[in-house]
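Trainee: Got the model open. Can you walk me through it?

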Amino acid sequence: MSRETSSASTTGTVSRASSWSDAPSRDALQLIAEGVTKVAGFGIAAISVARSDGKLEVMAVAGSDEARDSLQGRRTPLDQLSREIEKADDWGLFRFVPHERLDPSAGEQWGWVPDIEPIDDPDAWHPLDLLLAPLYDDEGQLRGTLAIDLPVDARRPGEPARAVLNTYAEQARQAVIVALEREQLAEQVRMAEAARSIVRRASAQLSFERIVADSRDALLEGFRASGMWLQTFEQDGHGEIYTADGRDVVLASELIDIAESAAHAAWEQQVAVVFAPGRAFEAVTEEQGRQVLEFMHSIEVETLLFTPLGAGPECLGNLVLTRVKGAPGWTESEATAALDIGHDLGRAILNARTFEREHQLVEELQELDTYKGQLIATVAHELKNPLTSVMGHLEMLESSPDLSGMASTSLQAMERGARRMVRVIDDLLLLSKVGDAENPVIPVPVDLRRIVDDVVDLIAVPAEQKGVTVRVEVPDEKVLALGDATELDRVCANLVSNAVKYTGEGGTVTVGLGRDGDEVVLTVADEGIGISAEDVAKLGTEFFRSSNPAAVAQPGTGLGLAIARRVVARHGGRMAVRSALGEGSIFQVFLPAG
């Protein structure tokens, strides 16, 4: 039988946590074990498979419920089997160790021994006799064992019986190889599903706390882990430690240093590392390994899978998955899948950091924009008061009868300049107002048809002086939009006055209103000089003037469209522009209907 000795406790306690999950393979092994008991003349048969942690795990037991309860799922170190085989007789595929060769002084005590008395015969079977067949694959690697006990005739098998047993050993060998291959394939599929789930969830998050929270279940379930934590590295320090349930993982500074150096070494070698009693990693010294094992013992963890996280050549952190005492060891497939996930989480860390930096930059830009608005408003207010005084004194001087012709001309020029400065200051104050988030629009239904009529009436004289025809295309009924009437009037006036300004003699400006679903559309089209694609992209930027010399020749501050865009945006609308040099422009404003 597959027997566990007390000496196994020096290399790790015997565990019973079976990880076998492939039912067809398990059933096939059970059938072979039962065939041995029914046909080969033995009362007990057990089949074990070799695990990646250097242990044999009993997967099928036939012939005795007592033996099955005692042995099923039991894990035995392979080196113990090797010591037993060294004492054995070669019976073909089987190896036989008679009880006489056992060393009683070694204190070996079997995990399960049949309660029988040997018969009085030279070939009598003894309860401590061991008969097993090591099962090797085609490459000579040990994949499992077939162990048998309790011959029905109570005698050690002779040559004819051994031939029959060898046949069953070959069947068991093939079944174990197939079962392990099926299990490995199922594990690879499981790990691939876990990896896809983790990548899918991590890629959808831009906050690293959310990445950890959303990946938690997939990591714990996919890797059958009892716990996890994740540590990130920063350029200026060790970074943060994130846990599956938000609880703090307290690591001493020495352990943090060990984790960081081990992660960098593991990332350079592209490996995931298992920390467990009897396991070593070349980048961790013996003393450091002892500290890690002591920490694991303090948190009641038997083994942990340590995976570096990174992107490209840069190691960004590490992922730790833990298993408690009695859990299966970490497999090569799990280590490979964990390393792949380390790449995916590394990219997620970079994305999260990039988003965090961009978010911080946006906040800084918003603060600068707020400061700029406050500065503009302050400066404009400070300039407007003395300009008002200047305008008042200019009017007084112009009414004086003692002015010469030259002085009167100078005063008129001064007045024109002052009035232009007043318009600029008014635009700056309005720009500050419409850009202030603390000064929201209080929307009411506004009749855009009346606003268009008022604006066209005001622009009629300048348009007539230039020889520009202004055509209005509006419905007979009211066209209501939700917003502030004064601000919407400013948008319409700005678009129409610009259209007239940049349209030459004989041209036409068309102003239209319409309804498009839940939106009202104001359209201003002209036959003017047009705008280049490069300049269209910059329209609405404060103080921007077109690069077209014909446009620069016209007076303006570069604030009109900036004000219009801000007004439209704060009304929940949008502005669209279609234009080409020499072909005119079409401006459309879409606003929520009232």
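Mentor: Labels first. Helices here are DSSP runs of H or I with at least four residues, strands are E runs of at least two, and both are numbered from the N terminus. With that convention, Glu 181 lies in helix α4, residues 159-203. Keep in mind that this is a predicted model.

Trainee: Is Glu 181 buried, exposed or partly exposed?

Mentor: Partly exposed, because its relative accessibility is 48% and the exposed class starts only over 50%.

Trainee: How far apart are Glu 181 and Ser 25 in sequence and in space?

Mentor: They are 156 residues apart in sequence, yet 9.7 Å separates them in space, C-alpha to C-alpha.

Trainee: Zoom out. How many helices and strands does the protein have?

Mentor: It has 14 helices and 19 strands. Of its 594 residues, 45% count as buried. Take the contacts between residues at least 6 apart in sequence: 68% of them join residues at least 24 apart.

Trainee: Sheets next. What is the order of the open sheet of 7 strands?

Mentor: β3-β2-β1-β7-β6-β5-β4, with antiparallel pairing. β3 (75-77) and β4 (89-91) are at the edges with a single partner strand each, so one side of each has no neighbour in the sheet. From one strand to the next, the twist averages 30 degrees.

Trainee: How many bridges pair β5 with β6?

Mentor: 3 bridges, antiparallel, between β5 (residues 94-97) and β6 (residues 130-136). Val 97 has Leu 130 in β6 as its bridge partner.

Trainee: And which strands does α1 touch as it packs on the sheet?

Mentor: Helix α1 (residues 23-39) touches β1 (42-50), β2 (55-62) and β7 (142-151), and its direction makes about 150 degrees with that of β1. Helix α3 (residues 78-86) packs on the sheet too, touching β2, β3, β5, β6 and β7. The direction of α3 makes about 65 degrees with that of β3.

Trainee: Now the open sheet of 5 strands. What order?

Mentor: β9-β8-β12-β11-β10, again with antiparallel pairing. β9 (241-243) and β10 (273-275) are the edge strands, and each pairs on one side only. Neighbouring strands are turned by 20 degrees against each other on average, direction ignored.

Trainee: Why is β12 described as largely enclosed?

Mentor: Because 9 of the 10 residues of β12 (residues 314-323) are buried, the rest of the structure largely encloses it. β12 has antiparallel partners. It is joined to β8 (residues 227-232) by 6 bridges, and it pairs with β11 (residues 303-311) over 9 bridges.

Trainee: What stands opposite Leu 230 in β12?

Mentor: Leu 319. Leu 230 also stands opposite Tyr 242 in β9. The β8 to β9 pairing is antiparallel, with 3 bridges.

Trainee: How many residues sit between β11 and β12 in their hairpin?

Mentor: 2 residues, and Gly 312 in the turn has a positive phi of about 65 degrees. Gly 310 has Cys 315 in β12 as its bridge partner.

Trainee: Which strands does α6 lie across?

Mentor: α6 lies across β8, β10, β11 and β12, at about 65 degrees to β11. α6 (residues 253-269) also packs with α7 (residues 286-298), at an angle of about 115 degrees and with the axes 10 Å apart. The crossing is left-handed.

Trainee: Which residues meet there?

Mentor: From α6, Glu 254, Leu 255 and Ile 258. From α7, Gln 288, Gln 291, Val 292 and Phe 295. That contact divides into 4 nonpolar, 2 polar and 1 charged.

Trainee: Switching to α9. What should its 30 residues span?

Mentor: At 1.5 Å a residue, 44 Å, and the end C-alpha atoms of α9 (residues 405-434) are 44 Å apart, so the two agree. Buried residues in α9 include Leu 411, Glu 415, Ala 418 and Ile 425.

Trainee: Last one. Which way do β18 and β19 run, parallel or antiparallel?

Mentor: Antiparallel, with 6 bridges joining β18 (residues 574-579) to β19.

Key. Residues numbered from 1 in each chain as written. Predicted model: local features only at pLDDT ≥ 70, side-chain atom pairs only at ≥ 80, totals over all residues. Heavy atoms only, no water. Axes fitted to C-alpha atoms, helices over the stretch in contact; angles between N-to-C directions. Left-handed = near helix turned anticlockwise from the far one by under 90°. Contact = heavy atoms within 4.5 Å. Nonpolar A, V, L, I, M, F, W, Y, C, P; charged D, E, K, R; others polar. Pairing = 2+ DSSP bridges. Buried < 20%, exposed > 50% of the residue type's maximum accessible area, 1.4 Å probe, protein only. Expected span 1.5 Å × (residues − 1).
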